[in-house]
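This report goes through one protein model for a reader who is new to structures. Please look at the sequence and the model below before reading on.

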Amino acid sequence: MGYREIWQAYREETKERFPLVMERLEKIETEETVQQPYRNYFRYAAAFLRRLGELEEEIISGKWEEKSLEEVQQENRLLYEELLPGNYEKSYGNPAYAVRELGEHYGKILSALYADIRSLIPYVFEGRRYEITIFSELLVEIYNSFEEEELPKEQEIQQNLYWFFHDYGEVFTEFGVMAQTNPDLDFYTRIIMDSDLEDLRYLYRYGAILRKMKLRRQNF
């Protein structure tokens, strides 16, 4: 057994939920049921999560392997560009910006949620659809509370987050223990052992941020 088989079992748990929540995220991108400036935040976060879902499907289906080096470089840049100098100042992952845009009451909380969403990028490359699904459902749950005529209280959003991590706490702990003790979680090993290291696309299989660079061979 390897990492694919391990995460496949968890993917099966979200077999029905995943397409439903992806469909809901797509609707969020065009709906106008939430007032500004919160609408922009939810649209942005929903679009990002939906892109992660699409990318995970490309990787699992093997379509990602058909992309060129230039295409995966562009993809990596798009995933991480808002964290680069000049862009981070206007990222919802930046608490200072989120507070300016969304206010003191919601800015810090929603920025923390967005940071959690962004942390899912490496999981996408492992085929960990489970995490994409549950964080998407959390975003939808909080979005629904902003659709009400009266804005939710800050404590209500805090409760949403509290119960989310409470309900999935055992699962997150299980994942953490497996990552440290289960040799079958061989995602990084398989990249090195199964990749053509002459094909620099393997560098992008980790899902980590990579700045485009020119690599030259040196003869010694």
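Is G62 buried, partly exposed or exposed? G62 is partly exposed, because its relative accessible area is 25%. Here buried means under 20% relative accessible area, exposed means over 50%, and partly exposed lies in between (1.4 Å probe, protein chains only). G62 sits in the loop between α3 (38-61) and α4 (69-80). Its C-alpha atom is 43 Å from that of L151, and the two residues are 89 residues apart in sequence.

The model is predicted, so local features need pLDDT of at least 70 and side-chain atom pairs count only at pLDDT 80 or more, while totals for chains, interfaces and linings use all residues. Residues are numbered from 1 along each chain as its sequence is written, and side-chain values use heavy atoms, with hydrogens and water left out.

**Overall form**

The protein has 10 helices and 0 strands. Helices (H or I, at least four residues) and strands (E, at least two) are DSSP runs, numbered from the N terminus. Along the principal axes, the C-alpha atoms fill a box of roughly 65 × 40 × 30 Å.

Of the 220 residues, 43% are buried. The protein exposes about 12,800 Å², and carbon and sulfur atoms supply 50% of this area. Accessible areas come from the Shrake-Rupley method with a 1.4 Å probe; for residues, only the protein chains shown count as cover. Among contacts (heavy atoms within 4.5 Å) with a separation of 6 or more, 69% join residues 24 or more positions apart.

**The core and a surface patch**

In soluble globular proteins, nonpolar side chains tend to be buried together. A nonpolar core is a set of buried Ala, Val, Leu, Ile, Met, Phe, Trp, Tyr and Cys residues joined through side-chain atoms within 4.5 Å. The largest such core here has 59 residues, and Y41, F42, L139, I142 and F146 touch the most other members. Not counting residues up to four places away in sequence, F42 touches I28, V34, L139, I142, Y143 and F146.

Some nonpolar side chains lie on the surface instead: I192, M193 and L197 form a patch with about 290 Å² of accessible area together. Patches are made of residues with over 30% relative accessible area and no salt bridge; like charges are joined within 9 Å, and nonpolar side chains (Val, Leu, Ile, Met, Phe, Trp, Tyr) within 5 Å. I192 belongs to helix α10 (residues 187-194) and is partly exposed, with a relative accessible area of 39%.

**Salt bridges**

A salt bridge is a side-chain nitrogen of Lys or Arg within 4 Å of a carboxyl oxygen of Asp or Glu. The structure holds 22 of them. The table gives some examples.

| Salt bridge | N to O distance |
|---|---|
| R51 and E58 | 3.7 Å |
| R128 and E131 | 2.5 Å |
| D186 and R190 | 3.5 Å |

R128 and E131 are both buried. In the pair of D186 and R190, D186 counts as buried because its relative accessibility is 13%, whereas R190 counts as partly exposed at 30%. R51 is partly exposed, with a relative accessible area of 27%. R51 also takes part in a network of salt bridges that links E29, R50, R51, E54, E58, K67 and E75.

R129 is in helix α7 (residues 129-146) and is buried, with a relative accessible area of 12%. Leaving aside neighbours within four places in sequence, R129 is in contact with R11, T14, F18, E56 and E57. The C-alpha atoms of R129 and L20 are separated by 13 Å, although these residues are 109 residues apart along the chain.

N76 is in helix α4 and counts as buried because its relative accessibility is 5%. With neighbours within four places again left aside, N76 is in contact with Y204, A208, I209 and L210.

Most peptide bonds are trans. The bond from Q36 to P37 is cis, with omega near 5°. P37 lies in the loop between α2 (17-28) and α3.
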